[in-house]
Amino acid sequence: QVQLQESGPGLVKPSQTLSLTCTVSGGSITTAYYYWSWIRQPPGKGLEWIGYITYSGSTYYSPSLKSRTSISRDTSKNQFTLQLSAVTPEDTAIYYCARVGTLGYGGAYYGMDYWGKGTLVTVSS
């Protein structure tokens, strides 16, 4: 069974860069045709999709966060990472990593079938 686990600092200062790592076990992040996503949930609000990196290393980000977001991967460690720059208190949230299944090459995704348990990141001075 695929398992995902988030890790990284729980407290980040405003204007700094938030950095998180998702470690995947039970499956390879290079297996077609899966995407590997970051999602967040601010306190009292709904889920917000941040972006993903595909099995081949392509990335795509939410338009509202694109200018501040970078997702990368380390295939040797079966990990992918999130970096969100210039953070503000509004970036405080529980951050999740999740696997996205697709219908094939270039196909629509059918859902996020595996999730990490999430990690709270607080942006505060």
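Contacts here are heavy atoms within 4.5 Å, and residues 24 or more positions apart account for 56% of the contacts in the protein with a separation of 6 or more. This is a predicted model, where local features need pLDDT of at least 70, side-chain atom pairs count only at pLDDT 80 or more, and totals for chains, interfaces and linings use all residues. Residues are numbered from 1 along each chain as its sequence is written, and side-chain values use heavy atoms, with hydrogens and water left out.

Biologist: Happy to start simply: how many helices and strands are there in the protein?

Modeller: Both are DSSP runs numbered from the N terminus, helices being H or I of at least four residues and strands E of at least two. Counted like that, the protein has 0 helices and 11 strands.

Biologist: Nice! Which strand holds Thr119?

Modeller: That strand covers residues 119-123. Thr119 therefore has its place in strand S11.

Biologist: And is Thr119 buried or exposed?

Modeller: Buried means under 20% relative accessible area, exposed over 50%, and partly exposed in between, using a 1.4 Å probe and protein chains only. Thr119 has 17% relative accessibility, so it counts as buried.

Biologist: Good to know. Which residues is Thr119 in contact with, leaving aside its neighbours within four places in sequence?

Modeller: With those neighbours set aside, the list includes Ala93, Ile94 and Tyr95. The contacts of Thr119 also include Glu6 and Leu20.
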